[in-house]
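Subject: A structure for you to explore

Hi there,

Here is the structure I promised you. Have a look at it first, and then read on for what turned up in it.

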Amino acid sequence: MEKVAQKPFENVSFSVTEVLSRIRKHQNEVRDLMRDKYVEFLSNANNYRMLLDSAKLLEVEIKELVNSTSQLTVDKSSAAWNDLCQYQRDLEEGVRGYKIAKKLLSIHDLFETLSLTGNAYEKRAHILAKIKLLLDDVEDPVLPELHCFQSLLLRYEIEYSELINDLNANFNKLVTLQQRTFQNTKSVTIKICKDEVQLCQVVVALLKTQHDFRSLCRFLLDEVFAPVIVKPVSLICDEKSDDEHAQIQLSYQLTVAEELRPGYKTVLSNLMQIFYNLSNMNAVLSEDECLFKVLARQMKKKLCEMLIEQCLERDIPGTIEGMKESPMVKDVSDFNGFLTTFNFIDGENDSQLEEYASSIESIHHKKLCDNVLDSAVEIMKRESHDMVVIEQHEYQFASSTSTVTGQSSSCMVTRTAVELKKFLDKVLTEVQTQHGEAAERLVKTIATILERYTVDVPMANEKLLFKIPQQSALFRNDCSYLNYWLQKNDDKLKDHCSFACISESLKTCGEDIFQHQLSSQRTQMLQALNGFELTNSLVELGSEHQRAIRQCIRQFELLKNVWQTVLPDGVYKQNISGLVDVFLREVIKRVQSLEDITTAIGNGLVLLIDTMKETLPKLFKEPSEVHQLVKQWTKLMQLRQILCGSLVEITEQWAEGKGPLTMCFSAEEVKHLVRALFQNTKQRQACIASIV
């Protein structure tokens, strides 16, 4: 057994030594070659082809020797086992050295082969890729430490740069990009060579070198796609007139009015023509890579964003009729499919246009609602001087428990309110045809319109509403008119939670403006009554007293002219009678405050009361209504009777607390007037004594 094992051991011992010697010799020869070529740059007479051949033979022997050592069986306790392990380590060390030598020789061989390829760009790119792979081997820590490594790396970079420069120069000859700017216009021309073989070789080689085509993408985006999307262009795509080139030519004005921007259909048509002609240079590297995919990775996202933001977004119809007739959703989806068919895909933004097409309907609804709101606000801000008569059945809002029931009548609202109501009817009709989010959005828009009405209209017409009585009355009617529309259509508005608040806001807003006007009129009237100052030192009434009363009456007559036909009859009666009542109360209070009423003052007061008696009932369509509407009217008439009556007549009118005077005057008030009007006599004492 020992002899059988000893013979192969002796052979292995001899073979390892021999192979290691040959490996060292091979390493020295490769080292000399690399030193001369890449360190000292000397001409070398060694034939590296012979080194390659010897390396192949050496590799075969190494494999056989490794196999033979691994198959030996030796007693692990014997000295032979230790020797065998040492020879295996020596052999492994030699093999590592051999592999480095082999890699260096392979790199050199590739460089030598590269110099023979000439203009075979694809082959050059392939060889350079192999060299790069060898130089970048991260599992080899020895190669970067060699003296020749930097020279090898430098030569690779030089060869790579030369290849790229050659490819770019040839690509620029095969695909020419030109742009010329004139005073007001710009022209762009792209010529693509029809020599498919040559063009394919150059493009494929560029793709293999992982060229990014950044300058081409920038040119296409800035000089071709951007103007096509935002400007009216003259586009000519010609594949036939020139035997050598397919051409894309476009020209356009540098400055273009906004309204002349092209529609989305024109833009998509032009883009498809351009892509169709650009496909002449769309060389295919593999099933997964082609030029258009490289271009898409560089610019598809920006192109889609530009198309959406500067074209499609603008052209989404903002009207109901426009959207019904628009094929935009299908057109955008088809264009996205067109780009996919031409392999203009990047794996990240390929569904962007499709997703946008799916959202067009929703964007349309938002745009529609924005336009609806804008149109409504535009109606609100129109001049509101024109008035329209509204019959009673159209303004049931006029009914109020606080008003006096009267005959059927009409009132007036502004033409603006009528137009806004018609516009809201149109929007509400559209709500009935919509469903889901679209209907809900329109309903919310109606709510917004009415909310804006209570803010925008008072702001836009502030001076008119607060200074001109007719305008404040019209605004009060307008708010009630719109509020009635809101209540009438409550069931169609899907019980939107905000409409109850909006209804209250409309009612409050109109009433507040009108009440402010009423307050202003009361203040104005009381200021006029400052001229009707009655003092105990007064002997007779002067012209200023008559002027004050007539000024107030004139104020009421002016209000009648601007309110009676505008306000609902009940509202008019309620408010004009309220003002007259305040006026009469103030007059009566001042008369009652006198301690001494001379005959001249009494006669003057009777004349003024007669003036009021003649004019004030005319403020109402039925003069007799003054008795029911003006609470102080009866008291005024009774005051007149007291002023011009005798003590006997006053006593009879009081009738021991059962006469007509008791309706409006207290016993103390009548006694006070009797003392002021009559001198202290037995008859006056008897009269006063009877008034209890």
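**Aromatic rings**

In helix α11, which covers residues 328-341, you will find both F335 and F338, three residues apart, or about one turn of the helix. Please keep in mind that the model is predicted. Are F335 and F338 buried or exposed? Both of them are buried.

A pair of aromatic rings is described by how far apart the centres are and by the angle between the planes. The count of aromatic pairs here comes to 11. The ring centres of F335 and F338 are 6.2 Å apart and the planes meet at 15°, so this pair is stacked; the cut-off for stacked is under 30 degrees.

There is also an aromatic cluster to look for, formed by F225, F275, F292 and F344.

Why does D569 count as buried? Its relative accessibility is 10%, and buried means under 20%. D569 and C411 are 158 residues apart in sequence, yet their C-alpha atoms are 7.5 Å apart in space.

Helix α19 comes up again around α24 (residues 667-677). The buried residues of α24 are A667, V670, K671, L673, V674, A676 and L677. What covers them? The cover includes α19 (569-592), α22 (633-644), α23 (647-654) and α25 (682-690).

Enjoy exploring!

Best wishes

Key:
Residues numbered from 1 in each chain as written. Predicted model: local features only at pLDDT ≥ 70, side-chain atom pairs only at ≥ 80, totals over all residues. Heavy atoms only, no water. Buried < 20%, exposed > 50% of the residue type's maximum accessible area, 1.4 Å probe, protein only. Helix = DSSP H or I, 4+ residues; strand = E, 2+ residues; numbered from the N terminus. Contact = heavy atoms within 4.5 Å. Phe/Tyr/Trp six-rings, centres within 6.5 Å; stacked < 30°, edge-to-face > 60°.
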